[in-house]
Amino acid sequence: MLDGPTLFRPAVERRPDITIRFEGRDIPACAGESLVTALLTAGVLTGRSEFDGTPRAGFCLMGVCQECTVWTSTGQRLRACMTEARAGLDLRASAPFETFAS
């Protein structure tokens, strides 16, 4: 449950039933929720401000702005707001290797 006062009341209690990994950290998630929901609930910010590089959450949350981009350990780029959480995902904040020729 949430600590302190909130401006909303969840209709149902969130009950994580799977685990994903982000930068080596286990993150509890609910199967089918968006990756950005699981990450933000765990306090993980995926984006960076274009002005000063400070961390921030996804911006549009509908797949347009790319602020929530994460990478799989195999190099697949995902938009966390448009991708469902599924057991076993191993995610990174940046590409795990160079994705283009130097």
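Guide: Start with Asp-90 and Arg-92, which form a salt bridge whose closest N and O atoms are 2.8 Å apart. A salt bridge here is a side-chain nitrogen of Lys or Arg within 4 Å of a carboxyl oxygen of Asp or Glu. Side chains of opposite charge can pair when their charged atoms come close. Please keep in mind that this is a predicted model, in which local features need pLDDT of at least 70 and side-chain atom pairs count only at pLDDT 80 or more, while totals for chains, interfaces and linings use all residues. Residues are numbered from 1 along each chain as its sequence is written, and side-chain values use heavy atoms, leaving out hydrogens and water.

The scale calls a residue buried under 20%, exposed over 50%, and partly exposed in between (1.4 Å probe, protein chains only).

Now look across from Asp-90 in β7: opposite stands Arg-21. Strand β1 (residues 18–22) runs parallel to strand β7 (residues 90–92), and two bridges join them. Two strands count as paired if DSSP finds at least two bridges between them. Strands (E, at least two residues) and helices (H or I, at least four) are DSSP runs, numbered from the N terminus.

Arg-21 also has a salt-bridge partner: its side chain meets that of Asp-26, with 2.4 Å from N to O. Arg-21 is partly exposed at 33%, and Asp-26 is partly exposed too, at 47%. A search of the whole structure finds two salt bridges.

Move on to the loop between β1 and β2, where you will find Glu-23. Glu-23 has a positive phi of about 55 degrees, although it is not a glycine. Most residues other than glycine have a negative phi. Glu-23 is partly exposed, with a relative accessible area of 46%.

Next, step back to the sheet. Its five strands form an open sheet in the order β2-β1-β7-β5-β6, with mixed pairing. Because β2 and β6 (77–79) stand at the edges with a single partner strand each, one side of each has no neighbour in the sheet. From one strand to the next, the twist averages 40 degrees; such angles, from 0 to 180 degrees, are taken between the N-to-C directions of lines fitted to C-alpha atoms.

Glu-33 is charged in name, yet where does its side chain sit, buried or exposed? Glu-33 is buried, with a relative accessible area of 14%. Leaving aside neighbours within four places in sequence, Glu-33 is in contact (heavy atoms within 4.5 Å) with Arg-14, Ala-38, Thr-83, Glu-84 and Ala-85.

The secondary structure comes to one helix and seven strands, in the pattern β-β-α-β-β-β-β-β along the sequence. Buried residues make up 31% of the 102 residues. Among contacts with a separation of 6 or more, 36% link residues 24 or more positions apart.
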